[in-house]
There are 2 protein chains.
Amino acid sequence: MLDPRWLEALTAVVDESGFDRAAQRLCLTQSAVSQRIRQLEEHLGQPVVSRTQPPEPTPAGRRLIQHHRQMRLLEQELLGTLAPAASEASYTRVSVGVNADSLATWFLEAARPAVEAHRLLLDIRVDDQDYTHALMRDGDVIGCVSTQTVPLQGGECRFLGAMRYHCLATPAFSARHFPHGLTAAALASAPAILYSHKDDIHSEFLASALGYHGPFPSFRLPSAQGFLECTLQGMAYCLLPEMMTTGACSAGRLVDLLPGQWVDIGLYWHQWRIGSQVAASLADTLEAYGRANLRPSAEQPAG
Amino acid sequence: MLDPRWLEALTAVVDESGFDRAAQRLCLTQSAVSQRIRQLEEHLGQPVVSRTQPPEPTPAGRRLIQHHRQMRLLEQELLGTLAPAASEASYTRVSVGVNADSLATWFLEAARPAVEAHRLLLDIRVDDQDYTHALMRDGDVIGCVSTQTVPLQGGECRFLGAMRYHCLATPAFSARHFPHGLTAAALASAPAILYSHKDDIHSEFLASALGYHGPFPSFRLPSAQGFLECTLQGMAYCLLPEMMTTGACSAGRLVDLLPGQWVDIGLYWHQWRIGSQVAASLADTLEAYGRANLRPSAEQPAG
C-alpha cells in the first residue's frame, strides 16, 4: 500500500522545483521530505525523482504524481459532501494546460462559472496548442485545451469549437513590405512572429495558402498579447485570432493581408476519466461556453 | 582555433531543441550536425550538450553559445559597414530576456525605434523579473530587463525606471472577500494570483504592507494579461501594474484595496560589454523610453 504522505512529498518536490521549497510548503524539515521520497523509492524498488536542480520526476514518478492528483481531487469532493460547512473555507486546486491564445481570449471567462461554483484554484500551465496534451500525458495537469482529436488512453475528449486566424499587419507595414502582395520575394524578407520553435502554424499557412515553402525572418515572442502588440507596432505581420483583433481591424489599425484566407484551429477539452464531479462540471462549463462563443467547426477556405 | 561551424551547430541544436530541427535550419543532414558537435567536443575534451530530448547545453556549452552569439552580432555589424547594400535584405537577430509585465506594457513600444533602425529580429525570452538575469548569465540572451542592480562581470547595467503595482480587485470581489478590509482571516481565504512558484511579490507585499505572513490561496497563471483578465473576471485579487490598469480603475471596474500602499519595482537593462553598436543603440533606446515613460525612481509608501 502506498503511503499518501510519500506521494504528497513527491508531488510537492516536483511542483515547487526543489526539496527545500517542498519542505516549506508541507511544513516539514527537508530531511523528512527526503526520507519520505526514499521510502517510496525503496517500496517501489526504483527512483521516482532525479536529485538535480530542478528535480525531474522519472516516468514512474510522473505516473505516481498523476495518481496522487486524481486521488486528492476525489478526496476533496468526498469531504465536501460529508461536511460542507467545514470545507467552505477550502479550495480545490485543479491544474490545467491551456494554449496561450485560448488563455488570452476565452478561457478564463469560460471557466469562471465552474471556478465559482466549486471554489477552484486553477493552476494554469501554458504551452503551444499542439503540446498541452503532453502536459496531461506526463501527469502535470488533469485536463487541457488541445488540438489533438483523439483521447488519451484512460482519458476523454470533447470538441469545444474552433478559433479562426487571419494574416494581419498594419496598413503601413503592408504598404512597405507587401506593395505587390505576398510574393515569394516579399515573404522572404518581411518579418513574421513565431511563438516558439514549436510553432508551425505560420509556415504551414504560407505553404497551404500561398505555396511558399522558403525561409522567412521571424521574431520569437512567447506571448499571445505580444503578438498583437508587436503587429500593432508595425514591426511584423502574423496570424492572429479573430477573437483578439476584431476591434483593431474594424478601426483600420490592422488589415487582412489575404482576404478570404484563414486558418481554423479546432480545440478539444481533454481530461482523465476519474469520476470526479468537479472535473465533469469544469468540462461541461467549458463545452457550453465553447458552443456559444467559438466557431462550430474548423473550415477550410474555399480558395 | 574553434571552427565557427561547430559553434553554429551547437547553437542551432539548443535553439531548436533538437538535432533534427537544427539540421533543417542549417540545411545540413542530421549526421553532419552531430559530427560538428562531436568535433567540437573532441577539440575541447569535454561534452557541450546532452543527448537528451530536448538537448541541454553543459556549462561549457552555454559559454560557447554566448560567445558565438556575441561574435555573430559583431560580424553582422561589420558586414553592414562593409557592404550596406548587400545586407539591406538581412536582419540581425538579438535575443533578449524580458519580464512578463514589461513585455505586456512598455517593452515592445520602447524597442521599436532600435528594431527599425537596425533591422533587428528580437528573440524574446520571458521569465520572472528576478530571473531574467539568469538567462543572460547562462548565455541565452545578450541583454535583459531585470530587477538586479549590480552588473554581471563583463556586463553593464543602466536604470530604466520603476513600475508601480497596486493591490486591485473588482468592487464585487472586494465586497465579498474583504467586507472588513484586508484582515488576516480574509487574506487567508481570498484567492490571489501568482505568476509561478518563483513569484514572491505578493507574499512580500502582504508582509510589508499588512504584516501578514500566513498562507493564502492562489491561482497560478504564467501570463501578465491573464492576471488582469482573471482579476477583471472577479476570480481573484492581485498586484497589477499601474501601466496596465489605469483604464479599468478610472472606469470603476477595479478598485484599489489598499489606497496609499503600493510596490515599486525598479527595472534595469543589463547587457554584455562586447562593443556592439547595435546593442549600445538598443540600450540607449530603452533607456530614453524608460526615462520618459517609467517612474524616475522606486519609492516606498509613506505608511
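How many residue pairs are in polar contact between chain B and chain A? In this predicted model, where local features need pLDDT of at least 70, side-chain atom pairs count only at pLDDT 80 or more and totals for chains, interfaces and linings use all residues, side-chain values rest on heavy atoms, with hydrogens and water left out. Residues are numbered from 1 along each chain as its sequence is written, while chains are lettered from A and ligands numbered from 1 in the order in which they are written.

The count comes to 14 residue pairs, both partners at pLDDT 80 or more; a polar contact is a pair of N or O atoms within 3.5 Å, one able to donate a hydrogen and the other to accept it within protein, and residues adjacent in sequence count only if both atoms are side-chain atoms. On the chain B side, strand 2 gives the most, with six residues (strands are DSSP runs of E, at least two residues, numbered from the N terminus). Sorted by class, that side has 18 nonpolar, 10 polar and 13 charged residues; Ala, Val, Leu, Ile, Met, Phe, Trp, Tyr, Cys and Pro are the nonpolar ones, Asp, Glu, Lys and Arg the charged ones, and the others, Gly among them, are polar.

Overall, 43 residues of chain A and 41 of chain B take part in the contact, meaning heavy atoms within 4.5 Å. There are also two salt bridges between the chains, each a side-chain nitrogen of Lys or Arg within 4 Å of a carboxyl oxygen of Asp or Glu. One of them joins A:R220 to B:E16, with the closest N and O atoms 3.2 Å apart.

Conventions: Helix = DSSP H or I, 4+ residues; strand = E, 2+ residues; numbered from the N terminus.
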